[in-house]
Amino acid sequence: MKTRLSHLLLGITLSLSLSACSALRDAWEPTRLFVSDKPLSEQTLAVPVAAMIADEPNDAGSRPVPLTDAPPEYDQIIMNFVGDVMLAAENGDDGFWSFNLFAYDTPTDYYFEKMLPQFSADDWTVANCENVFTDRENPTPTEKQGDYGYWYYSGTENAKIFSAGSVEIVSLANNHALDYGYECRDDTAAALTDAGCTPILEGRSIMLEKSGVTVGLLCISMYSEYYLTPILAWLEENRDTCDFRIVYYHGGMERVHEPDAWRVRASHAMVDAGADLVLGNHPHVLQPIEEYNGKTIVYSLGNFLFGGSHTCENRTMVYTLTLDITDHKLTGVSDTITPCYCYGELWQPTPIENEEEKSRVLSFLAGEREKPY
């Protein structure tokens with residue numbers, strides 16, 4: 001069963017000096033999540049970590065004596081990561097054959113139905129939301145640089161698609177979170193929260209804890225090496241507070257199957273600074289996985305569910321991270337890849353069962369093929 005969460009906003013702020021990216025200016029505080037078996041309605045705010053792990057004296061005023069012959073305690077943290085999820089149509093269009101029209105009469109559990117067995121069996125599933133959720137009438141698009149821009153929104157009801165699919169953590173660190181300004185961005189975050197998800201704004205991080213092991217997850221945009229500065233600062237600030245640090249970033253050239261040279265350099269720099277896992281999204285197609293200095297770099301997770309179009313490159317993946325815990329300490333790290341179709345049915349990601357097609361995806365991710373199909 002999926003672990004239930006309670007949320008505590010921490011007052012840890014990344015110092016971001018990215019004048020080129022106004023989306024970073026008013027991001028949320030980091031969130032600390034603790035596992036709990038209680039219903040959310042019965043949970044209370046978690047206490048600070050230091051208070052949780054403090055070794056309190058017993059009634060006699062002495063410290064408890066640990067049992068030396070007790071059997072070891074084993075546990076695991078399992079996390080699934082997917083790439084770009086767009087649950088909206090361009091400019092909020094609800095005309096014929098649009099996602100917004102389709103969503104009016106489609107149950108919220110349809111979209112991730114084929115992924116639910118996997119997502120519901122983990123501790124946390126993480127996705128990037130590439131659209132705005134708002135019920136405002138005719139929201140005003142923000143001005144964008146370049147010859148042509150794209151703006152996407154749908155009603156707040158569609159935020160429930162994430163929770164219906166057992167996706168708990170939703171990144172809003174991307175180039176579409178501010179498609180309709182800060183008020184609509186805040187509508188998006190509120191809709192996700194109301195749906196039972198944890199939204200993570202630009203440049204913010206969360207701390208995930210289970211069985212004494214802490215995983216730090218930073219969600220941030222990175223459109224050039226200039227954006228590397230706050231990432232390295234976060235890694236340094238959390239060097240001693242996390243057992244495992246993950247950077248989940250948005251950036252890179254779109255629709256190419258090779259990572260930009262500058263992203264390779266930046267990803268290597270993150271690992272050198274202490275990142276245990278680096279995951280990229282934004283290119284809308286898969287890109288290879290690299291093992292660098294014993295750490296994994298996924299350059300692009302690709303599109304996962306793309307409501308902005310009826311077609312996209314129909315290959316995607318789920319990256320599954322497993323952390324082994326023994327006696328409340330991190331003792332092992334492993335991962336698995338689940339090759340998927342973006343469209344098993346319309347707007348419904350589905351694991352690939354055909355062994356030859358699955359092998360092509362895995363061979364591509366290993367750098368053995370030029371394309372994943």
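The following legends describe close-up views of a predicted model.

**View 1. The open sheet β4-β7-β6.** Three strands make up this open sheet, in the order β4-β7-β6, with mixed pairing; strands are DSSP E runs of at least two residues, numbered from the N terminus, and two of them pair if DSSP finds at least two bridges between them. The edge strands, each pairing on one side only, are β4 (89-90) and β6 (132-133). Strand β7 (residues 152-154) runs antiparallel to β4 and is joined to β4 by two bridges. A89 stands opposite Y153 in β7.

**View 2. The aromatic pair F81 and Y248.** Rings of Phe, Tyr and Trp (its six-membered ring) pair if their centres lie within 6.5 Å, and planes under 30 degrees apart count as stacked, over 60 as edge-to-face and the rest as tilted. This rule gives 17 aromatic pairs. For F81 and Y248 the ring centres are 6.3 Å apart and the planes stand at 35°, so the pair is tilted. Because F81 belongs to strand β3 (residues 74-86) and Y248 to strand β12 (residues 244-250), the pair ties together parts that are 167 residues apart in sequence. Both F81 and Y248 are buried (under 20% relative accessible area, 1.4 Å probe, protein chains only).

**View 3. An aromatic cluster.** F99, F102, Y110, Y111 and W347 are linked into a cluster by ring pairs.

**View 4. A charge over a ring.** The charged end of K144 sits over the ring of W151, 5.2 Å from its centre; the criterion is NZ of Lys or CZ of Arg within 6 Å of the ring centre and within 35 degrees of the ring normal.

**Notes.** Residues are numbered from 1 along each chain as its sequence is written, and side-chain values use heavy atoms, leaving out hydrogens and water. Local features need pLDDT of at least 70 and side-chain atom pairs count only at pLDDT 80 or more, whereas totals for chains, interfaces and linings use all residues.

Note on methods. Helices (H or I, at least four residues) and strands (E, at least two) are DSSP runs, numbered from the N terminus. Buried means under 20% relative accessible area, exposed over 50%, partly exposed in between (1.4 Å probe, protein chains only).
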